[in-house]
Amino acid sequence: MGFNYTSDSIAPTPARPQVPRRQFFCDEVGRREFICGGGAGVLSVILATLLAGSKPVRAEAVTGSLPELDRVAVRIVIDSYQFAVAPSRKLPNLDVQHFGWGLSDKPPRRTLVSEFGLAMHVESRRGNETRNILVDFGFAPEALLNNTNLLGIDPAAIDALVLSHGHQDHFGGLVGFLQAHNGKLKPKLPLFVGGEGCFCAREWTAPPVRGSFGVIDRKALEEADVAVTSTERPALIADHAVTTGQISQKSFEKVLSPSAMTIGFERGVGCYPERLSEAERTAPVVPDQFQHVIATAFNLKGRGLVVLTSCSHRGVVNAIRQAQAASGVEKIHAVIGGFHLAPYQEEYVRDTVKALQEIDPTYLVPLHCTGEPFYEAARAATRPTPAKADRVGIKDQVSPPAKISFLMTA
């Protein structure tokens, strides 16, 4: 599935006044790495750590506000669900393109693979400048390789990789993808992660069954010549996007911890205790608080932020608020990703719907781990009126939530 977003100037109206850009202050969420008093904001040079070794690398810096993009195309490469016969459709400044079947004039052989995992590809444009970013990598390399091939994603064109957090259903396809495209990828391709905790071995502790939930092969990353870059604080990605940095708990949302992480490094895998926070290294095995989780945001000119929340273990509302603080942009144009609301009680889900209504994104695309209770609560709370039937968002979600390309343009 893919979304094509276009941007144009939006004149202020009484119903939707234009929101001024926020100033950055040092006491805001994740602001320590920003230079204060610089108008709409200044991204500082962020010293990152090459996690596979000891040599530091630097995240790229930008002066001024987050770059405004003319076009953002988001492809849902892997999701838990797909509906092959769903029609594509066009909405104001939004083109929703469904892949459908992998058919041609020859007998059918393969089509897109669904699994409990998530992977997204983003192509952004600013003038004549194009960037390609792969965000998360699904559960298995077979699915990622199959789907990127069918969707025509060129590995040689990828400018950056982003891993939202260290769960198997988000990093599982990464090493296989790197190995399959050895020699095709750009040298020192940056891989952005939210901290050392991403590399801890994990066990799934929630129903229906306990078991190993994987660990990233750091040696394989080193052999693939990727530059692993830690972004505990907001960092610019390929000149076009920003990672939120680690997400603070500022709302009513709670951390859902369906996994435990093992602290320690052995035989080339695991996490270094000295690189973790004191709270994380208190015991050999600790409940996962997902301090390393990050989201990714793009600033579509005249429209606002397109926020990829991935799995929202620290709360979808917290992720959105962090993206606003990291970018200095208040308006939310689209929220795409997993909201991780399936196990929560009805009241908690309703509180999330209410908070999203207050944020008022133009488009809302719940994926992966969001859960049916959210879809039902959102539709029940905010059914569209005829006057707003052409608008997709919290009032009318983009659905079905898989294998779509969304093209947003300015």
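Predicted model: local features only at pLDDT ≥ 70, side-chain atom pairs only at ≥ 80, totals over all residues.
Biologist: Is F252 buried, partly exposed or exposed?

Modeller: Residues are numbered from 1 along each chain as its sequence is written, and side-chain values use heavy atoms, leaving out hydrogens and water. Buried means under 20% relative accessible area, exposed over 50%, and partly exposed in between (1.4 Å probe, protein chains only). F252 has 34% relative accessibility, so it counts as partly exposed.

Biologist: Thanks! How are the rings of F252 and Y348 arranged?

Modeller: Rings of Phe, Tyr and Trp (its six-membered ring) pair if their centres lie within 6.5 Å; planes under 30 degrees apart count as stacked, over 60 as edge-to-face and the rest as tilted. Here the centres are 5.5 Å apart and the planes at 65°, so the pair of F252 and Y348 is edge-to-face.

Biologist: How many residues apart are F252 and Y348?

Modeller: F252 sits in the loop between strand 16 (241–243) and strand 17 (259–262). Helices (H or I, at least four residues) and strands (E, at least two) are DSSP runs, numbered from the N terminus. Y348 belongs to helix 6 (residues 346–359), and the pair links distant parts of the chain, 96 residues apart.

Biologist: And what kind of pair do F265 and Y272 form?

Modeller: F265 is partly exposed at 34% relative accessible area, and Y272 is partly exposed at 22%. Their ring centres lie 4.4 Å apart with planes at 15°, so the pair is stacked.
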